[in-house]
Amino acid sequence: MSWWTPQLTAIFWGMFQALVILLGVVLLGAVLTVVERRFLGLWQDRYGPNRVGPFGTLQLVADMLKIFFKEDWIPPFASRGLFLLAPVLAFASLLLSFLIIPITPGWGVADMHIGLLFFFALAGINVYSVLLGGWSSGNKYALLGALRASAQTLSYEVFMGLSLMGVVAMAGSFNMREIVAAQENLWFIIPQFFGFVTFLVAGVAVTHRAPFDQPEAEQELADGYHIEYSGMKFGMFFIGEYVGMVLVSALIVTLFFGGWHGPLLPPFVWFALKTSGFLLLFMLLRAALPRPRYDRVMSFGWKVCLPLTLINLLATGAVMLWVGA
Amino acid sequence: MDRNKHPIINTAYQLVPATGSLLRTLGTVFMHSFRKRETVSYPEESVYLPPRYRGRIILTRDPDGEERCVACNLCAVACPVDCISLQKAEQDDGRWYPEFFRINFSRCIFCGMCEEACPTSAIQLTPDFEMGEYDRQQLVYEKEDLLIDGPGKDHDYHFYKVAGMAIGGKDKGQAKDEEAPEDVRTLLP
């Protein structure tokens, strides 16, 4: 077998890893829809879905069956092409960002030197999904939701990028594996605390999770940009939101909590534990915090978080120059 | 909040307590993980219904096992949704009883007005609400559906024993605590 070269083995191994990670993330996103409802129930002193299967474990299957067989309606007043494109973008852009997440020393889809920048680029593309979805629906509530979403996401992405620049400066690289390697002795949460806080806020905001879910505020906008979507197209928006949640949690763990580093337990277990901790935090935020008024969200982003990240970046740079000199 | 301060200091002043309040909220909500859940898993767990719960309506019998209802129609009059209908009939001994007694539970609002109006404690509401039916017609209860064997809530009450009405085997003035009827002719001058 002269044609079977070690390179080919590496390619197939890489493809296998990519497939496992892809399926794992999509499945996790789907499972989270039910897990979140159970946790919200727990924190609100009720049960949540507990009827289908033991402890409601088969609720996911029931939901999937329902959403697959729903009528997949495209409004006659919608602009068809964009209407079909938007959910695909919403789902794919966040899913693609998982390329850069290193899960364990041996596992991860791509080891790119642009690393973080790739995530920022795809987070930027993700805005288009909301914008196009809201615009092409031909519905004023959807448009208002899209308007809010794009304004909010754009302004929060400004300091999301800046909040991570401190991490990049300390690690000296955009490459995620090198960032994790730089945290072997000290997790970046300690020197980059304000970077962490602002990235957490920005992460919640770009995934449109409560309390930053103004774009889909049920009470005011009747679900915002995905109001006209039904069936699996809505499902893609919906799962996309949870994939975004997983993505931001994994990013926080990778960038601030030392990725897979940890004593005793194997690397994957540490990564999974830390990530699920942040997933829990995301759910807790939704269970606990009310939705602020829209202008407050904007002014908080521009007047508090942006200056904070700038000061953090300046201080990081100053300290690094001081230590380096 | 002191409005004269510099806007940056002002913001910082607001931000610190606001962050504390947010964290406290998160903590409070998280502590609910260890609370007992309020939900009653109804079909598996039975619901506690107080004894005076206003549920399924019954017709009771007096301690002797006779029907208490005297077909006075007060319940039907009191009913705000007109869901009770009945017809008076008379036994050989002079007792009144309903020839038919019909409650349409698809109309009934379980307000308990009939129970309050009833002079003989015949009609009573019970702590039972599990009366769902697939067929609306099944919700029309006839007398044999309503009538129970016991006295219900008012154990010892026996209308004909305390009422002044004469029936077979009991004349006027023979009821409990009842004085003999006044002989009006003795009052004549």
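Me: How many helices and strands does chain B have, and in what order?

Reply: Helices (H or I, at least four residues) and strands (E, at least two) are DSSP runs, numbered from the N terminus. Chain B has five helices and five strands, and along the sequence they run α-β-α-β-β-α-β-β-α-α. Keep in mind that this is a predicted model, where local features need pLDDT of at least 70, side-chain atom pairs count only at pLDDT 80 or more, and totals for chains, interfaces and linings use all residues. Residues are numbered from 1 along each chain as its sequence is written, while chains are lettered from A and ligands numbered from 1 in the order in which they are written.

Me: Is chain B compact or spread out?

Reply: Take the radius of gyration over C-alpha atoms and hold it against the globule rule, 2.2 Å times the number of residues to the power 0.38. Chain B comes out at 30 Å, well over the 16 Å the rule gives for 189 residues, so it is more spread out than a compact globule. Its C-alpha atoms fill a box of roughly 105 × 55 × 30 Å along the principal axes.
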